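Me: I am new to this structure and should be grateful for a close look at a single part of it.

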Amino acid sequence: VLCDGGMGTMLYNKGVYLHTCFDELNLTNPALVREVHREYIQSGSEVIETNTFGANCFKLKKFGLDDKVREINRAGARVAREEAGRQIFVAGSIGPLGVKIEPWGPTALEEAERAFQEQADALLDGGVDLFMLETFSDINEIHQAIKAVRHVGGRIPIVAEMTIEEDGNSLYGTTPELFTKKLEEWGADVVGVNCSVGPAAMLQCVERIARVTKLPLSAMPNAGIPREVEGRNIYLCSPDYLAEYAKRFIQVGVRLVGGCCGTTPAHIKA
C-alpha cells in the first residue's frame, strides 16, 4: 500500500513560513491543505495522512491554540476525508507531544494518554480510517498513544512508527528488536520506522525488524539527511533513488511504504 510523503515539506514549498503553526492551516487555509492531499492522490497515494502531526494540546499551547485541539484535528480529518472520497484511506497523524514524559521528564503517563485521547477522539469524529503514530523516539510515549487510540477507537488499525538514528536504534537508544516486540505486544497492527534518516539506514533497520515480527511493516524515510545550503535545509535524495529503495523495502516485508520530510508527490509517483 502506497502512502503519501511530507506534508510540512509541501506546505513550506507553497510559501508557509516555518514559524507558523502548520496544524492551524486546517482552519485558516484548508484549501492549501486540500491541495497537498490532492497532489499526493494524483501521484498514486492510497493512504493520505491528516495535517495533524503536532495538533496536541502541548504543542498547540506554544501558539496559544490549546483550546482548539478538537477543532483543528476534526477539521484536518474532514479536509482529508473530503479529498480522499471513499477510494483512498485517511490516516489520522499523531506525533509526539513535544514534552518529556515519565521517567524522563515531569509529564505524567496519564496526562500524556489524556492528550493523545483528545486528539484521537477528534480525528475519529472527522472520519479517519486508521491511525499513524509517527516519529516517536520514546517507547514509553508511543505506549500511551497506542493505549489512547485503543481506548477511543476500539479495533481501528494502528500503524506505530519509531524514528531512529543511523545505527538503527531509537533516539533514546532502544534497539529495533526491543521496540518492535513492545509495539506488537501493545497492540499495533503495523510496525515501522519513519523520518530522521534516509532510505539506506532505514533499510538496515527494517531488515532487523523483519527478523523479530510477522506483522506487516511500514517504512517512510526522509529524502536523505538534510544539508544546509545558504541557510535552507535541502534534501538531496531524488525520486528515483527513493523508488529504488521502495522496492528493497517491499522485498524485506514492508507493506506500507511512503515518505517523510523532504519527500514530495514526485517521490511518491516514482
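Which are the buried residues of H10? Please describe the surroundings of this helix as well.

Reply: This is a predicted model, in which local features need pLDDT of at least 70 and side-chain atom pairs count only at pLDDT 80 or more, while totals for chains, interfaces and linings use all residues. Residues are numbered from 1 along each chain as its sequence is written, and side-chain values use heavy atoms, with hydrogens and water left out.

Helices (H or I, at least four residues) and strands (E, at least two) are DSSP runs, numbered from the N terminus. Helix H10 comprises the 13 residues 239–251.

Residues are called buried under 20% relative accessible area, exposed over 50% and partly exposed in between (1.4 Å probe, protein chains only). In H10, Leu242, Ala243, Tyr245, Ala246 and Phe249 are buried. Seen down the helix axis, these buried residues fall within an arc of 165°, so they line one face of H10; the arc is that of the directions from the axis to the C-beta atoms. Asp240, Lys247 and Gln251, on the other side of H10, are exposed.

The buried residues of H10 pack against helix H9 (199–210), strand E6 (217–220), strand E9 (254–257) and helix H11 (265–269), where contact means heavy atoms within 4.5 Å.

Rings of Phe, Tyr and Trp (its six-membered ring) pair if their centres lie within 6.5 Å; planes under 30 degrees apart count as stacked, over 60 as edge-to-face and the rest as tilted. A search of the whole structure finds three aromatic pairs. The ring centres of tyrosine 241 and tyrosine 245 are 5.1 Å apart with the planes at 55°, so this pair is tilted. The two tyrosines are four residues apart in H10, a separation of about one helical turn. An α-helix has 3.6 residues a turn, so residues three or four places apart point the same way. Tyrosine 241 has a relative accessible area of 38% and is partly exposed, whereas tyrosine 245, at 11%, counts as buried.

Just after H10, glycine 253 takes a positive phi of about 115°.

Methods. The expected span of a helix is 1.5 Å times one less than its number of residues.
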